[in-house]
Amino acid sequence: MEYNDGIRVVVADASHEKYVDVILATITDSAKKRGSGIASRTHEYLATKMKERKAVIALAGEGDEEEFAGFCYIESWAVSYTHLRAHE
């Protein structure tokens, strides 16, 4: 679905690393405003998510006017069946 609101949502890649610091600041500020804790992430952690294409980024504007509008990444981990059975 496409909207004509000036915001593009794309799969993040290495070219979006320039937005990592503003993303980290936005996450921290949002948590403070809500009065909630949030696990902090490093610059390298988010940059890796982008490089692995395990993130999406929303961008507003174009060219020199382009700016960060939103971000989300995928977190995954493996759980062994043996470990699960040990807790039955």
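**Salt bridges and an exposed isoleucine**

Let's start with Lys54, which counts as partly exposed at 31% relative accessibility (buried is under 20% relative accessible area, exposed is over 50%, and partly exposed lies in between, with a 1.4 Å probe and protein chains only). Before going on, some housekeeping: this is a predicted model, where local features need pLDDT of at least 70 and side-chain atom pairs count only at pLDDT 80 or more, while totals for chains, interfaces and linings use all residues. Residues are numbered from 1 along each chain as its sequence is written, and side-chain values use heavy atoms, with hydrogens and water left out.

Back to Lys54. Its side chain meets that of Glu52 in a salt bridge, at 3.7 Å from N to O (the term means a side-chain nitrogen of Lys or Arg within 4 Å of a carboxyl oxygen of Asp or Glu). Glu52 is partly exposed too, with a relative accessible area of 43%.

That pair is one of five salt bridges in the structure. Another joins the side chains of Asp13 and Arg53, 3.9 Å from N to O. Asp13 sits in the loop between strand 1 (7-11) and helix 1 (20-34), and Arg53 in the loop between helix 2 (43-51) and strand 2 (55-60), so this bridge ties together parts that are 40 residues apart in sequence. (Helices, H or I with at least four residues, and strands, E with at least two, are DSSP runs numbered from the N terminus.) As for accessibility, Asp13 is partly exposed at 25%, and Arg53 is partly exposed at 48%.

Now look at Lys51 and Glu17, whose side chains form a salt bridge at 3.8 Å, N to O. Here again distant parts of the chain are linked: Lys51 belongs to helix 2, Glu17 to the loop between strand 1 and helix 1, and the two are 34 residues apart. Lys51 has 45% relative accessibility, so it counts as partly exposed; Glu17, at 25%, is partly exposed as well.

What does Ile74 touch, not counting residues up to four places away in sequence? The answer brings us back to Lys54, since Ile74 contacts both Lys49 and Lys54 (contact means heavy atoms within 4.5 Å). Ile74 lies in the loop between strand 3 (67-73) and helix 3 (81-86). With a relative accessible area of 52%, Ile74 is exposed. Ala55 is worth a look here too: Ile74 and Ala55 are 19 residues apart in sequence, yet their C-alpha atoms are 6.0 Å apart in space.
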